[in-house]
Amino acid sequence: MQVDYIIIGQGLCGTWLSWYLTKENRSFIVIDKNEPTTPSKVSAGIINPVTGRRMVKVWMAEQILSFAHAAYKDIGNFLGIAAISQKNIIDFFPNAHQRLVFLERMEEGEEYLSSYPEQNQFNPFFNYDLGCGEIRHSYIAHLDTLLPAWRQHLKDAKQLHEEEFEFENLVIKERSVQYGNIIAEKIIFCDGLSSFENPFFKALPFAPNKGEALIVEIPGLPNQHIYKKGFLLAPLQGNDIFWLGSNYQWSFSDAEPNKEFYEQAERHLTAWLRIPFKILEHKAALRPATLERRPFVGLHPHQKNIGILNGMGTKGCSLAPYFASQLANQLLHKKEIMPEADIKRFQRILTR
Ligand SMILES: Cc1cc2nc3c(=O)[nH]c(=O)nc-3n(C[C@H](O)[C@H](O)[C@H](O)COP(=O)(O)OP(=O)(O)OC[C@H]3O[C@@H](n4cnc5c(N)ncnc54)[C@H](O)[C@@H]3O)c2cc1C
């Protein structure tokens, strides 16, 4: 079988790259082993325009957020699903300092932050003594619907091989690659953490980060917003089901859910909510983050038929569509990838 590309992985990165190649009528096979737990499957799908305790705008907010919104709408229309919803974040100030930071940033003219006029609106549901503000232009990407729907599309189009990709079986030739009976012009790795072991890319400065979440049933809690008070509480598809997370661990011994997180999150929710809840699930995964917090995108500087789309860290939902489109544009139209994301910047490291 001859195709233009082999893509390894159908998380956020593989989904978006295969989407842009589909739009350009290119042929490809996606190989994904369908692991039950991956960061893309554990993610809440939140796209938040501000970040950190200082509530600064995320990297390239203007370009990336509107791009992501349009991209999710587009793929959603194609699949006949709702792939994204706008849900502003109600930010319940956890302490006086955070309240001050929010108000200061608003006064400085931060366009994404605004006061919330109905300060008492959430009294029936939450305890919040210090009031709340609103983070506008936030979204939820419905990954729990989108990823399976795109997978089904690939299956129907006979473009998905549900199996483990094994490096030993890859043959790299002068102008093509061969994997079993598939011959392709290029192979692109969208395989998240597996790239850490990839002989071509393992020298890249990956810095995996563990995150955990609870899936909680909260009957009667309105689902028009995402709520924040230390933790984020985001509505999932399906009645009364919410995602509560997360933590950011740079040091860990495994990728398993941890009792400490469960207990801390449960205590937090008990103090925050005024209505009953039931914990349904506890999940954990390792985010494919990078030391300098910028993605890894592009073709290997010394192996032009091998590429990568990875390193989306904590922001895969917004970054993956944008950089998948950049990579597709490079592959098909020889356009430049933004230098901060292009793996050309690691030309020296990647010679080793
Ligand atoms: C708890 C948590 C919460 C998060 N919340 C958010 C959020 O709200 N918003 C946000 O923007 N980001 C969030 N993230 C980050 C986001 O999930 C990641 O940035 C993103 O999912 C990474 O996508 P990926 O496609 O690079 O990797 P992955 O999701 O890991 O996808 C890689 C795919 O490749 C497959 N694969 C790997 N190796 C092989 C092989 N050898 N053979 C076959 N298949 C293989 C895997 O099975 C997987 O399907 C969160 C992450 C975590 C852990």
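View 1. An α-helix has 3.6 residues a turn, so residues three or four places apart point the same way. In this predicted model, the side chains of E263 and K259 form a salt bridge, in which the closest N and O atoms are 3.6 Å apart. E263 is partly exposed, with a relative accessible area of 33%, whereas K259 is exposed, its relative accessible area being 62%.

**View 2. The network that includes D32 and R151.** Salt bridges with shared partners join D32, R151, K155 and E162 into one network. Within the whole structure, a search finds 15 salt bridges. One of the pairs is formed by R151 and D32, whose side chains meet at 3.3 Å, N to O. R151 belongs to helix α5 (residues 143-156), while D32 sits in the loop between β2 (28-31) and α2 (39-42), so this pair ties together parts of the structure that are 119 residues apart in sequence. Both R151 and D32 are buried, which in this case means that each has under 20% relative accessible area.

**View 3. The pair E164 and K33 between two loops.** A salt bridge links E164 with K33, and the closest N and O atoms of this pair are 3.6 Å apart. Because E164 lies in the loop between β11 (160-161) and β12 (170-172), and K33 in the loop between β2 and α2, the contact ties together parts that are 131 residues apart in sequence. E164 is partly exposed, with a relative accessible area of 44%, and K33 also counts as partly exposed, at 36% relative accessibility.

**View 4. Helix α3 and its buried side.** Helix α3 comprises 19 residues, 61-79, and reaches 27 Å from its first C-alpha to its last, which is close to the 27 Å expected at 1.5 Å a residue. The buried residues in α3 are A61, I64, L65, A68, A71, Y72, I75 and G76. These residues cover an arc of only 130 degrees around the axis, which puts them on the same side of α3. Following α3 is G80, whose phi is positive, near 70 degrees.

Conventions: Residues numbered from 1 in each chain as written. Predicted model: local features only at pLDDT ≥ 70, side-chain atom pairs only at ≥ 80, totals over all residues. Heavy atoms only, no water. Helix = DSSP H or I, 4+ residues; strand = E, 2+ residues; numbered from the N terminus. Expected span 1.5 Å × (residues − 1). Buried < 20%, exposed > 50% of the residue type's maximum accessible area, 1.4 Å probe, protein only. Arc of directions from axis to C-beta. Salt bridge = Lys/Arg side-chain N within 4 Å of Asp/Glu carboxyl O.
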